[in-house]
Amino acid sequence: METLSQVVSMLFGTPLIPAALIGLVWGVIGGAMPGLSASVTMALVLPFTYALDPMSAIVLLASVYIGAEYGGSIPAILIRTPGTNSAAATVIDGFELKKQGRAGEALGISLWSGVVGSLFGLAMLIVFTEPLSRFALAFKPMSYCALGVLGLSIIASLSGGSLLKGLAAALVGMMIATIGIDPLSGVNRFTFDLPDLLGGVKPIMVMIGLFAVAELMRQSGGVDLATQAATSVRIVFPSFPMMKRLAKPQGIGCGVGLVEGLLPGGGGSVAAFFSYNEAKRWSRHPEEFGKGSVEGVAAPEAANNTVASSSLIPLLSFGIPGSNSAAVLLGGLLIHGLIPGPRLFEQNGDVVMGLYVGSFVATLAQIPIGLLILPLCMWLVNRPRHVLAAFVFMLVLSGVYSINGSYLDIAMVMSFGLIGWLMLKNDYPFLPAVLGVVLGPIVESNYRRSLLLSGGEHSIFLEDPIAVGFLITAALFIGFSLYRERRDALARKKEKEVNANA
Amino acid sequence: MRKLAAALAFAVFGFGAGSASAEPAAYPHKVVTLVTHSSPGGGSDIFLREMVKHLGKYINATFIVENVSGGSGARAMSRLATSKPDGSVFYAITPTYIYTSLLSKPPHTYRDLQPLAIVFADPEVLYTRADGPYQSVKDLIDHARKARGRFGAANPASLERQAAERLKAVAKVNAAVVSHEGGGDLMINVLNGTLDAGVGEIQELRAQLAGKKVRLLGVFTEQRLADFPDLPTVKEQGFDVVVHKFRGLAGPKGLPADVIAVWEKALPQLLADPEYKKVYGQESLIVDFRGSAQATELVNGFATEAEAFLKEAGVIK
């Protein structure tokens, strides 16, 4: 009862609601801007929070995070450009749905799944912070390495046909990820003495190049440039039977998002890919994935929104951010003299409480704000295609440039676009390349870290039960994919023979 | 050297205290831009933003903070080196700008800038998990003598790693120095026992210290810290490793003498400001004021040492 009255007085006695709403709107806009990742969107508003009271500042930042994770899916669905890292998996089926004229449905599903994911993550944050934070500590370098291997093992099922081409694409991704300062020795790798490359190539650059720029090039080369598919600007919120169908992929997304949010390093993009793959594996309609599956939008969107809340668990309990965005939030806490950790809950219980209530407000506000913003976005993408293509090009390049003000970044995105276009023409899948960029560094640095710890003995992996579990699972995944590949090849061969005989 | 700096600081401070109630010092510019390579919320960003809140009392100008992130400081160095050396723009320096200058070939390096002053030193400490077996640096080294030691540092090319490598060399032990992708990663591996100990800044450990999850083994400074009087230095425990993580300001080369004089007078006054003292007192920062000449000496000495370390570690040729 006391808590309830505290919540009510917070809602109406403090600027919590405006902070949550402003944060959410800015987050959706920033997340939807190609190139502005969730963490950059948050960092941009951080200076404005200096003058606010600590609670409003934290609520504002957390709401930006929630909004950005959701906003990233809008360009992913509409213009094949992931607005944030973690929306890359949404591109696959989201853009397919858009091509089929079902953009309104896809956006509705992404909105609904985002709300479900946020609510689940928030519930976990409020109820299980203590036990879940202990789970985060159990992960050693060996476990992270094995987790990365498990992630890479899903390449096969993301390859869409040719395993060989999928592996080749993944290798290219991993090669791009080696650019920058070596994570262990500090030696420069492929930086050509350019300071801009010291920090490595950001995955979002690769994603924007491969997805957005390549798509724009493809469209420009098409003959249907002037024609325009008329699509309704109406947002279709999922019906009740649809909600029931989405429950399973959303559940998978929530579970994966919870685990990934707890572990520093992975963040939303790994969670989104994992949940996409798992949703496909457990779906009754796996054949729809990649061709416009509603489940393929629901799972990653639920996952990345769950991460937005669950990455706050290690942040609040240890002061260890589970994602880049959580790191910006850490900066926000520190500026206001709030030191996250066990004593935050005792000393600044009101701020934590405010954070919970504010996040809840922002989560629910996603629905009305989304319904207001989305028709506008849909109207925008329904403009004549040649105008739109030029506009998107400008949007993408200015977004990329705005991050660091670097021409090199623009050149890189354009080059990745060219590579992406060549891949597209030759039927190489993009997703394994993106997965390689994201997971390559996790596997490499933790593998080397493990061996450094053991003095070169590989047995150290066997001493870590989590690593053993992941590696066995990965072996099973790969074995199953190889089996399926072979079975399909045999089936194709048979079909050919039948056709030849006929 | 240190005594001299302290004496100088005292002299300037003494002079400043006499005129504490006076008007802020006249300055040739109305607006002064303070550049940091940190993004908002990062270490140097917080340092500058706290400072500008109080700086206006001592220098008659408006101070704005500009975040020029990217290229690990390279972009900020270029922003400075191509500005006029008239005192209208300064850069918040930390060892990062030296490491970046040494590691890559940025268009402008630390050699193109002129240190204006050093203000603080961030103490680096050696820490272990609170329920672990090590009570002192000696315990840690004894273990590393018997078995293989496991030390951690936040980043591969950093002062933290330099401290860990030097401890390993001074103690002549076989230890793995494992670098990470930031202080958070390192912290997890110290807390879960993967590493024996880690090197980090005391600010990053606040939460764990308050929660009694980590134990400090020693601090890599010459003297003990004022707010941790019972924490011995690593040096007094028999291992001569001292590192100096400085925090200060630099401008473009060729700063006018009158500008330098205003800052050298104002900064000690600022450090004595009771309100500002309250802010930095909570951060375990060591007040280490040095004027432009001594700051330059310190920075150059630091760079020589860092270059030797990076070469020894095989990071650069």
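This is a short chat about a predicted model, covering a sheet in chain B and the contact between chains B and A.

Reader: What is the strand order of the open sheet in chain B?

Author: The five strands run in the order 7-6-8-5-9, and their pairing is mixed.

Reader: Which strands stand at the edges, and why is one side of each without a neighbour?

Author: Strand 7 (175–179) and strand 9 (214–219) of chain B do; each has a single partner strand, so one side is left without a neighbour in the sheet. From one strand to the next, the twist averages 30°.

Reader: In what sense do strands 5 and 8 of chain B pair?

Author: Antiparallel: strand 5 (residues 124–129) and strand 8 (residues 197–201) of chain B pair over four bridges. In strand 8 of chain B, G200(B) is the residue opposite V125(B).

Reader: Which helix of chain A packs on the sheet?

Author: Helix 21 (residues 431–454) of chain A, which touches strand 6 (149–153) and strand 7 of chain B. Its direction makes about 160° with that of strand 7 of chain B.

Reader: And which strands does helix 5 of chain B touch?

Author: Helix 5 (residues 137–146) of chain B touches strands 5, 6, 7, 8 and 9 of chain B, and its direction makes about 95° with that of strand 9 of chain B.

Reader: New topic. How many residues does each chain bring to the contact?

Author: Chain B brings 40 residues and chain A brings 45 residues.

Reader: Which helix of chain B gives the most to the side touching chain A?

Author: Helix 7 of chain B, with six residues.

Reader: How do the residues on that side of chain B divide?

Author: Into 16 nonpolar, 17 polar and seven charged.

How values were computed
Residues numbered from 1 in each chain as written. Chains lettered and ligands numbered in written order. Predicted model: local features only at pLDDT ≥ 70, side-chain atom pairs only at ≥ 80, totals over all residues. Pairing = 2+ DSSP bridges. Helix = DSSP H or I, 4+ residues; strand = E, 2+ residues; numbered from the N terminus. Axes fitted to C-alpha atoms, helices over the stretch in contact; angles between N-to-C directions. Contact = placed C-beta atoms within 7 Å. Nonpolar A, V, L, I, M, F, W, Y, C, P; charged D, E, K, R; others polar.
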